[in-house]
Amino acid sequence: MLETFQNLLSFLPAELVQLLWIVVKILAIALPVMGAVAYLTLAERKVIGYIQVRIGPNRVGPRGLLQPIADGLKLMMKETIIPTKANRVLFLIAPVLTFAPAITAFAVVPFDEGLVLADIDASLLFILAITSMGVYGIIIAGWASNSKYALLGALRSAAQIVSYEIAMGFALVCVLMAGGSLNLTDIVNAQQGSILHWFWLPLLPMFLVYFIAGVAETNRAPFDVAEGESEIVAGFHVEYSAMTFSVFFLAEYSAMILIALLTSLMFLGGWLSPFQGIPVLEELFAWVPGLVWLILKTSVFLFLYLWFRATFPRYRYDQIMRLGWKVFIPLTIVWIVVLGFLILGEVGPWFD
Amino acid sequence: MNAELLLFYLFSGIAVLAAGMVITIRNPVHAALFLVLTFFASAGVWLLLEAEFLAVTLVLVYVGAVMVLFLFVIMMLDINLVPLREGFTKYLPVGSLIAFVLVLEIALIVGPERFGLEAMPAPPGAPEDYSNTKELGRLLYTTYVYPFELAAVLLVVAIVAAIALTLRPKRQSRFVPPEEQIKVRKKDRLRVVKMSAEKKK
């Protein structure tokens, strides 16, 4: 593929072709992610609709399948309102600052063996660092809007994200200890064997902590106090309209996809087939590409996100903080020690 | 000019510009954001030095946590900007003298005679399978294990001190311990009253 691309653009200097090729790869990741985001919003409305015994959107296109496109067009046509006393520059930069980290993190996510844009050595650290930047967009949005609701939402969100990042980081420490690497491809390959070799089993508490912290990090229900429509209207993005609002929306949903992807990569064996090691089924499903397994596993977690939203009432703010600081952080620290002993004792089938 | 050099000038240019803006810009929130940009650009420079772990940790710790709390505080304080701008001309001579001395000291120590290319040639590029994280970890837990542990102890002491300073013995807010909350049973709170429907006369 690279050769045909190079031949096609042979009139350009080689470095430029290289650069263009990377841009093509970026588009090959970013565009499907955007498509997934669009249809995740539809899935959310449909799933919650059915949970609440409604049909959900069903007017635009067959069975409402064109609804996200209609929504996108509508948002593009609307007027971007900038509040009079808002800080114009920061007000407009804020959505970009939330969106950019959410999408940048996909650069190091492997979708299959070797199917990764930048196979860097410390990809896990990179993801942790880049996703921790997303909070700036929220804080700046809250401050630049010059609105009390927005500022309150931003402060809540900042405190929550900073608190849960610690638990998330410790859970990742466990993953890197178990995988013996900071590289996501190596971590997935360390889970080779069977469904019992995946890290969800030796790291079961971390698996739960990571996913719950991920829900909290993305400001989703039941941890969505940053938006809290019943208390502070819509939180940090209350003053945003049209495309500026939809960029926040895109960022939130791509962050959800990212968390779901990472959870399946780190704890559920990524692109490894769940039938590995089972005599007949393994051959029967050998033709399924790894990407399909990864997408299926990711969808399970995305469904969980929607299910949580339809099921759980919102956490009280002090209890969110308690859960993060007094439950998750001690739990993760204890598990690091336990895991150390498991690795030292070469407990099978994971660490022998 | 190769791409690496170009990137170096880009990142260091941004770092210097942003650092200048931190001290000259008037709005404190903007200043904090420029400081974030400075950190980010420095992380880029460190990446070019093949110190990925340090670069990523700089972003993770300073950009992702410390500066968030900084911004948090600055936004909560409604700073009156007027007194901050007062006395600029009064302090200018002393300030510029101190700045000049500082720059001179830095130039004398990290000047070209000690850190020039002759005194300290550029190290050869690391091989492809070199892992900065692994090397740092190895050094920290073997050669420098005592200083490393001492730093950890120091941090723990600081944490304990910070908590001891801010801990209020008497709770000002109303608080119910969650372990008592979950003991609540339906029969303690809820009484179902059975009564016959009233008849319309």
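In this predicted model, helix α3 (residues 52-76) of chain B packs against helix α7 (residues 132-141) of chain B at an angle of about 90 degrees, and their axes lie 7 Å apart. α3(B) and α7(B) are therefore roughly perpendicular to each other. On the α3(B) side, B:E52, B:F53 and B:L54 make the contact; B:N132, B:T133 and B:L136 meet them from α7(B). Three of these contact residues are nonpolar, two polar and one charged.

Chain A has a crossing of its own. Helix α2 (residues 14-51) of chain A meets helix α11 (residues 242-267) of chain A at about 95 degrees, with axes 9 Å apart. That angle makes α2(A) roughly perpendicular to α11(A). α2(A) contributes A:V33, A:M34, A:A36, A:V37, A:L40, A:T41 and A:E44. α11(A) contributes A:F249, A:L250, A:Y253, A:S254, A:M256 and A:I257. The contact of α2(A) with α11(A) divides into ten nonpolar, two polar and one charged residue.

| Helix pair | Angle | Axis separation |
|---|---|---|
| α3(B) and α7(B) | about 90 degrees | 7 Å |
| α2(A) and α11(A) | about 95 degrees | 9 Å |

Next, the core. The largest nonpolar core has 106 residues. A:Y136, A:L203, A:Y210, A:L262, A:M266 and A:F267 have the most contacts inside it. Beyond four places away in sequence, A:L203 touches A:C174, A:V175, A:A178, A:F267, A:W335 and A:L339.

Last, the interface. Chain A and chain B bury about 2200 Å² between them, and carbon and sulfur atoms give 75% of that area. The contact takes 25 residues from chain A and 23 residues from chain B. In chain A, the residues losing the most area to chain B are A:Y136, A:W143 and A:L155, together 26% of what that side buries.

Definitions and conventions
Residues numbered from 1 in each chain as written. Chains lettered and ligands numbered in written order. Predicted model: local features only at pLDDT ≥ 70, side-chain atom pairs only at ≥ 80, totals over all residues. Heavy atoms only, no water. Core = buried A, V, L, I, M, F, W, Y, C linked by side-chain atoms within 4.5 Å. Buried < 20%, exposed > 50% of the residue type's maximum accessible area, 1.4 Å probe, protein only. Contact = heavy atoms within 4.5 Å. Axes fitted to C-alpha atoms, helices over the stretch in contact; angles between N-to-C directions. Helix = DSSP H or I, 4+ residues; strand = E, 2+ residues; numbered from the N terminus. Parallel < 35°, antiparallel > 145°, perpendicular 65-115°, else oblique. Nonpolar A, V, L, I, M, F, W, Y, C, P; charged D, E, K, R; others polar. Buried area = accessible area lost by both parts, 1.4 Å probe.
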